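I'm jotting down what I look up, in the order I get to it.

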Amino acid sequence: MNIPGKTEKVANDKLREMQCEFNPLSRCDGSVMYCQGATVVISAVLGPIEVKTQNLSIDGSYLECNYRPKAGLPQVKERIREAAVRDVLELALLSEAYPRSKMSLQIQELEDRGSIDACALNSACLAMLIGGLPLKCSFAAVHCIINDQGEYVLDPDQRETVHQRASFTFAFDSLEGNLLLVQTKGSFKIAEFNDVESLCRSASAEIFQFYRNNIANYHCRRPEGQKTSEENMET
């Protein structure tokens, strides 16, 4: 993953190890526990379900999104993160498929060790996919920072973010790679923004492949003790 003429400025161009567990919760239509490095988020979806009259729409379903921190009540930063997830989902969700109904997404932060915004978005996408909610496209989010030395650090952990000069979170769709979300903080040049976007766009392909591999494995798995048709013929 190289940026032409800028490779010397890339301190880290690798995502941390990703892991997920599907349907760890029972009282929902779909849930996922998503880990990226030591950052852990669990998301659950319900829908379509009955909607209150004040939120009813004949043009599409109402989207409810709630984000809960590891401890305590949601503060301003959690509300901002919740709004970002809702904005991306409103672009990706095919709400016209279920008018006069509600889609509900609940996100619980279990451990924040860096890139929590991107992890929350990725867990939300996986929960939507495994819960069978209608989507126009899937999406993948990537976080990147520029440190004090002007180096690009992809998917930083908590220790690496201490000395950041600027931070970026991008979300891309799976169809044409269009940007669904851009969040920036700090000071940076336009050229640096373009470099970081290119780096994150390349990394999003790895996340989409992670989605495909894990969902395929989940749907193709066999219950313990169940035999395939070939094994039954042999017996």
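This is a predicted model: local features need pLDDT of at least 70, side-chain atom pairs count only at pLDDT 80 or more; totals for chains, interfaces and linings use all residues.

I started with the radius of gyration, taken over C-alpha atoms, against the globule rule of 2.2 Å times the number of residues to the power 0.38. For 235 residues a compact globule would come out near 18 Å, and the protein chain has 19 Å, so the two agree. Along the principal axes, the C-alpha atoms fill a box of roughly 60 × 60 × 35 Å.

Residues are numbered from 1 along each chain as its sequence is written, and side-chain values use heavy atoms, with hydrogens and water left out.

Next, secondary structure. I took helices (H or I, at least four residues) and strands (E, at least two) as DSSP runs, numbered from the N terminus. The protein chain has 4 helices and 10 strands. Read from the N terminus, the order is β-β-β-β-β-α-β-α-β-β-β-β-α-α.

Then burial, where buried means under 20% relative accessible area, exposed over 50%, and partly exposed in between (1.4 Å probe, protein chains only). Of the 235 residues in the protein chain, 47% count as buried. The protein chain exposes about 12,300 Å², with carbon and sulfur atoms supplying 48% of it.

Lys and Arg count as positive, Asp and Glu as negative, and His and the chain ends are not counted; each charge sits at NZ of Lys, CZ of Arg, CG of Asp or CD of Glu. The mean positions of the 25 positive and 32 negative charges are 4 Å apart.

On to rings. I paired rings of Phe, Tyr and Trp (its six-membered ring) if their centres lie within 6.5 Å; planes under 30 degrees apart are stacked, over 60 edge-to-face, the rest tilted. The whole structure gives 9 aromatic pairs. F22 and Y218 have ring centres 5.2 Å apart and planes at 70°, so I logged them as edge-to-face. That pair links distant parts of the chain, 196 residues apart: F22 belongs to strand β2 (residues 18-22) and Y218 to helix α3 (residues 190-220). F22 is buried at 12% relative accessible area, and Y218 counts as buried at 19%.

F170 and F172 make a stacked pair, 6.1 Å centre to centre with 20° between the planes. Both F170 and F172 are buried. Ring pairs join F168, F170, F172, F188 and F193 into a cluster.

Which way does phi of N23 go, positive or negative? N23 has a positive phi of about 55° without being a glycine. N23 lies in the loop between β2 and β3 (30-36) and counts as partly exposed at 31% relative accessibility.

R100, also not a glycine, has a positive phi near 60°. R100 is in the loop between α1 (76-92) and β6 (102-111) and is exposed, at 51%. Leaving out residues up to four places away in sequence, R100 touches V51, L56, S57, I58 and G60.

How values were computed
Accessible areas come from the Shrake-Rupley method with a 1.4 Å probe; for residues, only the protein chains shown count as cover. Contact means heavy atoms within 4.5 Å.
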